[in-house]
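The sequence and the model are shown first, and the description follows.

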Amino acid sequence: MNTRMLDRWFAAVIACLLSTMLITAASADQSTQGYNTKIPEKIMTPDKVQTRIGTLQFFDGMPTEATVEAVYENLDLMRGVETFLNGIPATSLDGLRQGMVELGADACNKAVITDKLLDSNPLFLTGNTDTVYVTLFLDLKKDGPTVVEIPPRCGPSTVNDAFFRFVIDMGAPGPDRGAGGKYLILPPDYEGDLNPPVGGMEAKVGDQTYFVAKSTSYVNWLIMRGFLVDGKPDAATAMFKNGVKVYSLAQIGNPPQMEFISGSAKVFNTIHANTFEFYKELHDVIDREPLSMLDPELRGLFASVGIQKGKPFAPDERMKKILTEAVAIGNATARALTFRPRMEGVYYYPNSAWYTAFVGGSYEWLKDDGNGGRYLDARTAFFYQATVNTPAMVVKMVGKGSQYAAVATDKDGNYMDGSKSYKLNVPADVPVADFWSMVIYDPQTRSELQTGQPYPSKNSERDKLIVNTDGSVDLYFGPKAPAGKETNWIQTVPGKAWYGIFRLYGPLDPWFDKTWQPGEIELVK
């Protein structure tokens, strides 16, 4: 290598070293304080952060003692609220069970029947005054596989598990298609040859053919409906009393006699608590049912506030105080979801107060066909004010079943005040194969409003309504009936609010395609 080439080589090396030194120096100038390099700001935690739970303070990202206490309190509060919102299906169904036991229906062969219809005495979530109910509970842990025999022409009937999930339909929407038949409900720990899908299957057991379904829980609710004939409940009542049988499969040779207990004009409660007692109610369900009833995510949520199978629910005074606040916030949230819903697709029509209680069109509460996961707010809003979970609620069945529209505000967006008078115009040609009705409810109990009228409703088949010359019907709501409109009047209570549900029995195409819609609730000035 000659001198000139050597000089060039040394010059290149020196230039490279200088460049490296300059880059290093520049990096040092840009490094985050306390670090050798630049740390992205987005991964850092400031020493102070202003939040709705106060100022959170840190020493180099490590929370101070006061901040640790604040965030743990908030975490327990959030978990308590979420436990309330997500635990409602379990406590609601168990509230129904306890209400039936209160009336004496403490075995599967003991059924409560509203033989004189459901009046406003019981506390029963948005029950109707238009059909005869038969309701009873199955205890598959005690009785094992259980047989349900239903008569022909039975109305829509459903079995739900202890978390208000669908097990099987019976009657018109069920596999018997209204012809009647025998059903066999298997317990969650059944390990035999039968493996029915959700919704059931037909199978032969011994010398009998059944529609077989398997539940995920031991306790199950069976609710049956019978329609009025000539506006009266007599025919449906006789159908049920003569045709319904429920017994353990083990008793098939000598099933016990059915007992029907009237639930009409009786005072009983089927509604879960909105106080600290709610968590005790939920614990009772979780402790009774198999571990497999709920997925690990939901079990983990409940366990985070002390509700776990096989362990006592024994919160200390600190946790009791937090849960008492959590249930109050959860209750307020459920009421906002129910009476001021904001979910996409909840309202039936533009600029209308009529909304659906079954948001999302999925009995499994899946959002956007499951792409959005579980529709948690829709599930909470439904079970806070309603019962019965079945695909029939969302499937388009022209001329069969029933459809519902709820309304909690008048056309101006205000809650209805029981001291004021209102009017609802029901346009002509209501699209029903059977009949329509309007029932009003107490927002406190989400049950029929208790007034001087035992049935706070009007029914196009049962009631002799005054019809306008254009075929429409005006319904009136208020503490006093307008002169000459007594037949079309539903009484309200001064000092109390109310909301309503419009029902269509045997809905026809104009309901589904929305070419027919009810009027809005209007304040009568």
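## Two loop residues with positive phi

R177 lies in the loop between β8 (166-170) and β9 (181-186); helices (H or I, at least four residues) and strands (E, at least two) are DSSP runs numbered from the N terminus. The phi of R177 is near 55°, a positive value in a residue other than glycine. R177 is exposed, with a relative accessible area of 59%; exposed means over 50%, buried under 20% and partly exposed in between, with a 1.4 Å probe and protein chains only.

N351 also has a positive phi, of about 55°, although it is not a glycine. N351 belongs to the loop between α7 (317-339) and α8 (376-385). With 84% relative accessibility, N351 counts as exposed.

## Basis of the model

This is a predicted model, in which local features need pLDDT of at least 70 and side-chain atom pairs count only at pLDDT 80 or more, while totals for chains, interfaces and linings use all residues. Residues are numbered from 1 along each chain as its sequence is written, and side-chain values use heavy atoms, with hydrogens and water left out.

## The chain as a whole

The chain holds nine helices and 24 strands. Its radius of gyration is 30 Å, whereas a compact globule of 525 residues would have one near 24 Å; the radius is taken over C-alpha atoms, and the globule rule is 2.2 Å times the number of residues to the power 0.38. Along its principal axes, the C-alpha trace spans about 120 × 65 × 55 Å.

Of the 525 residues, 49% count as buried. Among contacts (heavy atoms within 4.5 Å) with a separation of 6 or more, 73% come from residues 24 or more positions apart. The chain exposes about 25300 Å², of which carbon and sulfur atoms supply 52%; accessible areas come from the Shrake-Rupley method with a 1.4 Å probe, and for residues only the protein chains shown count as cover.

Strand β4 runs parallel to β14 (residues 259-262), and four bridges join them; two strands pair if DSSP finds at least two bridges between them. With β5 (residues 131-139), β4 pairs in the antiparallel sense over two bridges. V112 has a bridge partner in each neighbour: I261 in β14 and T135 in β5.

## The enclosed helix α8

Why is α8 described as largely enclosed by the rest of the structure? It is so described because eight of its ten residues are buried. These are A378, R379, T380, A381, F382, F383, Y384 and Q385. The buried residues of α8 pack against α2 (65-102), α7 and β23 (497-507).

Q444 is placed in the loop between β18 (432-442) and β19 (447-448). Its relative accessible area is 53%, so Q444 is exposed.

Leaving aside residues up to four places away in sequence, Q444 touches R335 and K496. Q444 and K496 are 52 residues apart in sequence, and their C-alpha atoms are 9.2 Å apart in space.
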